[in-house]
Structure formats: C-alpha cells, structure tokens
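Please consult the sequence and the structure shown here alongside the text.

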Amino acid sequence: MAGGLTPTTQANWVPTKWSLLALEALEAPLIVTSRVTDRSSEVTGEPMQVLRVMDVEQMEDSAVGDYGEVTDSAMTDTIQTITMDQWRHVSVKFANNYALQVAMKESTWPTRMGKALKRRFEQYVLSLETSLSGNSLRNVAGSIDASELELALAFAIANDWPEGNRHGLVSGNQCAEIIGIDRFSESTFVGTDNLPVISGKLKTTLGFEMGTSSLVRRRAISSVDRTINMFWIGKGGDGGGAFAKAIQQGVQFSKKELEDLSHRVIGSTLYGASMLRNAQAYAIRTTDS
C-alpha cells in the first residue's frame, strides 16, 4: 500500500540543535548554581584542567609612623582550585521508527536531558557543604526556628557578608516550618505583598533571599540523619562568593547507530565547582527532614 510506514532515516536529527536546546535547559536557573561565581571564561581545552583561584581575605590597615614609616600589610590570600572532573552524560536509545510512530518527537528530548544534567550539577554544588567546619556548622535537634535564623544572620554580619547578596536554601519541610513562624509570614510583620502563607514561597527573611528545593541534601552525620539547609554569599561577593563553578564543555550530543533498527543519542557535559571560603557559607543541619 502506497504511503505505508517505513523506517525513518533520522535526517531531522541535528546535533547542534540538540546541543543548543539541552544547554538552554542546563543553564536555566536552579537556586544554587545560578547564584555562584561562574569562571567558565577562564577554562581552556586542557584535559582535566585545574583552575587556580586567588582567595584574598580582608586586609587590615596600620598606623603610619612619626617619620612616615610604613609596615607591609599581612597577606592572607590562599589559592583555591576548581578541577574539571565532573564528566556526566545522559543516554537515550530510540527505535528507528520512533519519529514516525510516536507523537512526542525526538526534538523534545534534549530539553529533558539538559534538565537531568542540570539537576546533577545542582546536587554536586550542594555536596560541597562537606568542606564546611567549625562555626560554619550548626547542628539542630528538630527543625529550624526563629532563633536559628537569627544565628545565621549573626554569622553573616560577623563575617562581613555583603547585604543584598545573602542567600538561603531549605528543604520543603523546613520551608513549611519557617512559614509557620508568625513574624516571618503574617502581614502584621511582613506586609501584604505576596504573603508566604498565600504564595507558599518564602520572602526575603532577615536579609537572606530564601528558596526551597527537593534537591536539598539529607545525609547521615555521625550516624544521625540530617537535612543540610544552606546559607551563602552569592556570585560577585567579596572574594568571589562562597562557591565557584566552571564549565569546560557545554552539552554536546553524539549519535551512534546500533545493531538492528535502533540508535543511541548521548548528551554529555564536563564541569567543576569548588567552595572558595569556609566563612562565606553556613549550614543549619536539622534532624527533621
């Protein structure tokens, strides 16, 4: 019968178009990865490249002597590194008649693949919280309350976090706990513009731009399961912010013909990220999820 189904030639598969669609999805803002310093412009084609980032602590002045004597200021800079070692991929296998018989065309897949890579990128940056130590950590039995947020604010002030560039990310349950605190959610205290009890979204709280995500980490710490709620200086802060990322290879696609009537499409990316300074991030680790 004329016009019957025949295997597709897949001529409409354009790797550049797929890469652009996936990269757009990868770069769409998530909370943490969109609020960290991006040093991708410094990356070259060197395999497994390591970026060396100067991290300069705050300097102190000294009094000039009676006869104009000066003393060189102490240099407390350190070198932080970002290693391009996160090589991630998403692979999808198609039967060659897919384009003819499935309503959702193959061109809808690169966005999904880009989003998968993006979620992993966010999770990787969040995993850098293991670098925190000392006063940057707060272990809480139960959930976040007003006093814990006030301690986060005190930490930010004590460490000179710039106003307007302070961010927080909490789990869904901890978001609900904060919304349940009257002075952070009721109109008497926060006004009537986009109330958290109506929108379900946290407003800026004690100077922190607040967000919530299903990707907030929960892991065992000394045999106790804890939720890692993060607060940090965003991109462009003093010293470059708490975190830095660098992408060596954006999303690239390759297509491999397989045996029989099928083919595989693989999307991959290569990047790195690092925590630059301990005092520029703060974690409230709650036993409640």
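## Strand pairing around β6

Glycine 168 stands opposite phenylalanine 231, a residue of β9. The two strands involved, β6 and β9 (residues 224-233), pair in the antiparallel sense over four bridges; strands are said to pair if DSSP finds at least two bridges between them. β6 also runs parallel to strand β7 (residues 209-212), to which four bridges join it. There, valine 170 has threonine 212 of β7 as its bridge partner. Helices (H or I, at least four residues) and strands (E, at least two) are DSSP runs, numbered from the N terminus.

Five of the five residues of β6 (residues 166-170) are buried, so this strand is largely enclosed by the rest of the structure. Buried means under 20% relative accessible area, exposed over 50%, and partly exposed in between (1.4 Å probe, protein chains only). In a regular strand the side chains alternate between the two faces of the sheet. Both faces of β6 are covered, with Arg166, Gly168 and Val170 buried on one side and His167 and Leu169 buried on the other.

## Basis of the model and overall composition

The model is predicted: local features need pLDDT of at least 70 and side-chain atom pairs count only at pLDDT 80 or more, while totals for chains, interfaces and linings use all residues. Residues are numbered from 1 along each chain as its sequence is written, and side-chain values use heavy atoms, with hydrogens and water left out.

The protein chain contains eight helices and twelve strands. Of its 289 residues, 43% are buried. The chain exposes about 15,500 Å², of which carbon and sulfur atoms supply 50%; accessible areas come from the Shrake-Rupley method with a 1.4 Å probe, and for residues only the protein chains shown count as cover. Among contacts (heavy atoms within 4.5 Å) between residues at least 6 apart in sequence, 79% join residues at least 24 apart.

## Nonpolar cores

A nonpolar core is a set of buried Ala, Val, Leu, Ile, Met, Phe, Trp, Tyr and Cys residues joined through side-chain atoms within 4.5 Å. The largest such core has 34 residues, of which Val32, Leu169, Met230, Trp232, Phe243 and Ala281 touch the most other members. At least two residues of this core come from each of α1, β4 (86-95), α3 (109-126), β9, β10 (243-257), β11 and β12. The largest share, six residues, is supplied by α3.

Leucine 169 touches, among others, Ile31, Val32, Leu126, Thr212, Val216, Met230 and Trp232, when residues up to four places away in sequence are not counted. A second, separate core of 18 residues includes Ala152, Ile179, Ile233 and Tyr282.

Which residues of helix α5 are buried? In this helix (residues 172-179), they are Gln174, Cys175, Ile178 and Ile179. Seen down the axis of α5, these buried residues fall within an arc of 145°, so they line one face of the helix. The arc is that of the directions from the helix axis to the C-beta atoms.

Glutamine 280 lies in the loop between β11 (262-275) and β12 (281-286). With 3% relative accessibility, glutamine 280 counts as buried.

## Salt bridges

Five salt bridges are found in a search of the whole structure, each defined as a side-chain nitrogen of Lys or Arg within 4 Å of a carboxyl oxygen of Asp or Glu. In one of them, glutamate 209 pairs with arginine 35, the closest N and O atoms being 2.9 Å apart. This pair links distant parts of the chain, 174 residues apart: glutamate 209 is in strand β7, and arginine 35 is in the loop between α1 (15-27) and β1 (37-38). Glutamate 209 is partly exposed at 33% relative accessible area, and arginine 35 is partly exposed at 22%.

Glutamate 148 forms a salt bridge with arginine 138, again with the closest N and O atoms 2.9 Å apart. Glutamate 148 belongs to helix α4 (residues 146-158) and arginine 138 to strand β5 (residues 137-140), ten residues apart. Glutamate 148 is buried, with a relative accessible area of 6%, whereas arginine 138 is partly exposed at 33%. Salt bridges that share partners join Glu129, Arg217 and Arg219 into one network.
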